[in-house]
Amino acid sequence: MPTDSPAASGEAPLTLYLLHALGASAASFDRLTERLAGRVEVRGIDLPGFGSAASAPDSTLDQTVEHVIRHLTAHDRGPWMLGGHSMGGKIAALVAARVLRGDAPLSGLRGMVLMAPSPPRPEPMDEERRELMLSWVADGAIGERDAQTFLDQNTAEPLDAGAQSMALADLRRTSPTAWRAWLETGSRIDATAEVATLDLPVLVLAGEDDADLGAAAQPGLLASVYPRARFVPLADTGHLIPLERDTEAAEAISRFVDDEVRVGPVVPDDWAKLIAGDRVDDRVRGILNRRAIPDDRGYAPEVLDLAQLTLLREIADLVVPQDGSAIDLAGRVDAQLARGEGDGWRNADLPPDPEAYRAGLDTLAAVWPTDPADREAVLRAAIEGTTDADGPLDPARLKLWLEDVRNDLVRQWLAHPASMARVGYDGFATGGSPIRGYVELRLGRREDWEPAGVGGSITTGDAA
């Protein structure tokens, strides 16, 4: 596992907030915290009815989701991930859905880590086992014998002494009300409509010896919810992954972070706080949060073929040069074409956008150099209408098409909230309730709510 810290490598610190399983607590992630130190800061959250929050009176699914959102809004985060183990997986899905819709006052979510997660749909569970587990709290807190039975049922091999002692203590102090609330209601709720599809990087760890939520079951339970999920099976592992396989889990999380989460630019903290704040409409916040999600390195084009997408990426590198934290502008344009979106008009001499893109890229491909040093001259000739390319578009129409291409690529770059921060555009923060604008809108004038890098002097107060 890499040992260089994010700070040493110039990367933004990354926090992983984890939600525990039924009968567990944030302490169940202590070993992961140690294993990932220097790579990812792990913070467990005790859910109502469990751990340090065992006496909390409200433990319904909705109240638990609100509890997590309140916890997250109270912490300075920077870029962050959300994760969950078993019961915590369903709760994490509901929180992430609110973040990506903009309903929660949060920004900066970049991915998810799930361990044997309960799905948004009703959790598959043997009804006899459910009734047995409910009987354990019929007369109060779970007894030691029943707690041991629970551990035996959910592990492939006996836990070591430290993990065993901690897990038993967590089970014994679990609120009977919270235990019943999950088994009777929370696990049975169908939240698929509310969660819908969460298009972001997701790691799913599951044990091969877990009966209901194991490696064999998870793709069927989650593939439609998380189209970018990476499913990782763990051999000789039951349900209690953080206690059974902390080393393997930490290694998988570290690889996942490097491959899929630390991709693309990070929105600066002051801008993320502005997006999360009450000056931004929920719908706008959701749009910006979704735009900030790291691009899929394995993106499969929907309108273009792979060769055309590769060429469009090379054109994008010339039109909008970026540093190492690059946005996949070409992939985002292909997705835009697939959705049928655009700027609302096209030149009458060009075919519809999808057809024009395919034709234009095929025309340029005939003369496109393999040497990157020669590409700028070829693109410039096509832009100026002097190309000798012979293909579906003649030089005049190729020139017209490249006007649209440059517009699309630049618009995709500017649409990313990290780019807005880079150019100092905060015009999205003029909503909320009541609607607020600028007191004085002129060059070099910064208002007290604006990020420090915008404009010059400060004027105080909000426009009515």
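A: Let us begin with one pair, bearing in mind that this model is predicted. The side chains of Asp103 and Arg101 meet in a salt bridge, with N and O 2.8 Å apart.

Q: Which parts of the chain does the pair of Asp296 and Arg228 link?

A: The side chains of Asp296 and Arg228 meet in a salt bridge with an N to O distance of 4.0 Å. This pair links distant parts of the chain, 68 residues apart: Asp296 lies in the loop between α14 (282-291) and α15 (306-319), whereas Arg228 lies in the loop between α10 (218-222) and β6 (229-234). Since buried means under 20% relative accessible area, Arg228 counts as buried at 11%, while Asp296, at 28%, is partly exposed.

Q: How many residues apart are Asp408 and Arg411 in helix α19?

A: They are three residues apart in helix α19 (residues 395-415), and therefore about one helical turn separates Asp408 from Arg411. The two form a salt bridge whose closest N and O atoms are 3.4 Å apart. Asp408 is buried, at 5% relative accessibility, whereas Arg411 is partly exposed, at 34%.

Q: How many salt bridges does a search of the whole structure find?

A: The search finds 23 salt bridges, among them the pair of Asp103 and Arg101 with which we began.

Definitions and conventions. Residues numbered from 1 in each chain as written. Predicted model: local features only at pLDDT ≥ 70, side-chain atom pairs only at ≥ 80, totals over all residues. Heavy atoms only, no water. Helix = DSSP H or I, 4+ residues; strand = E, 2+ residues; numbered from the N terminus. Buried < 20%, exposed > 50% of the residue type's maximum accessible area, 1.4 Å probe, protein only.
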